[in-house]
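Could you walk me through how to read a protein model? I am new to this one and would like to learn step by step.

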Amino acid sequence: MALDQSFVGRTYPPTAPYEVGREKIREFAEAVGETNPVYADPEAAKAFGHSDVIAPPTFVFSITFRAAGLVIEDPQLGLDYSRVVHGDQKFTYSRPVRAGDRLTVTSTIEGIKSLAGNDILDIRGEVRDEAGEHVVTAWTKLVARAAEEA
């Protein structure tokens with residue numbers, strides 16, 4: 001069954017603040033093979049003008065995808081997550097994510113379309129710091145594969 005187009009534009013409440021830790025950044029950088037010292041060494045980060053270590057660009061996915069869970073789990077939307085694959089991801093930054101940031105994410109459904117029996121859901125996550133300043137916008141595209149014929 002196709003997703004309801006009337007959900008386009010629906011915005012979900014902001015998440016509780018997520019505190020970005022140095023160790024989480026270091027672990028993530030290591031996991032994705034990033035060796036730039038600004039991701040692990042506070043002094044190296046300061047030498048490049050940052051107040052503390054910064055996160056690799058894709059680090060924020062773990063925060064925004066968790067926030068997208070509010071959309072995914074919305075029973076009124078009716079998304080069958082067992083059929084979902086991750087279709088695409090992109091980010092637009094105002095500034096890097098830094099250790100010590102306390103970030104919230106507000107998710108909005110930007111688009112719903114059906115293509116060849118598949119439902120395509122576009123979710124925009126607006127990430128803001130404690131002061132309410134924009135840090136990054138993340139777009140996540142999810143594809144709910146068409147149900148297989150019996």
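Predicted model: local features only at pLDDT ≥ 70, side-chain atom pairs only at ≥ 80, totals over all residues.

Q: Where does S107 sit among the strands?
A: Helices (H or I, at least four residues) and strands (E, at least two) are DSSP runs, numbered from the N terminus. S107 belongs to strand 3, which covers residues 102–115.

Q: Is S107 buried or exposed?
A: Buried means under 20% relative accessible area, exposed means over 50%, and partly exposed lies in between (1.4 Å probe, protein chains only). S107 has a relative accessible area of 1%, so this residue is buried.

Q: Which residues is S107 in contact with?
A: Contact means heavy atoms within 4.5 Å. Leaving aside neighbours within four places in sequence, the contacts of S107 include R10, Y12, A68, V71 and I123.

Q: And where is I123?
A: I123 lies in strand 4, residues 118–128. Its relative accessibility is 3%, so I123 counts as buried. Beyond four places in sequence, I123 touches residues including S107, T108, A138, W139 and L142.

Q: How far is I123 from Q89 in sequence and in space?
A: They are 34 residues apart in sequence, and their C-alpha atoms are 9.8 Å apart. Q89 is in strand 2, residues 84–93, and is buried because its relative accessible area is 18%.

Q: What does the side chain of Q89 make a polar contact with?
A: A polar contact is a pair of N or O atoms within 3.5 Å; within protein, one must be able to donate a hydrogen and the other to accept it, and residues adjacent in sequence count only if both atoms are side-chain atoms. The side chain of Q89 pairs with that of H86 at 3.1 Å, and also reaches the backbone oxygen of W139 at 2.9 Å.

Q: How many residues has the largest nonpolar core?
A: A nonpolar core is a set of buried Ala, Val, Leu, Ile, Met, Phe, Trp, Tyr and Cys residues joined through side-chain atoms within 4.5 Å. The largest one here has 21 residues, and I25 and F59 are among those with the most contacts inside it. Apart from it lies another core, of 15 residues, including V71 and L142.

Terms used. Residues numbered from 1 in each chain as written. Heavy atoms only, no water.
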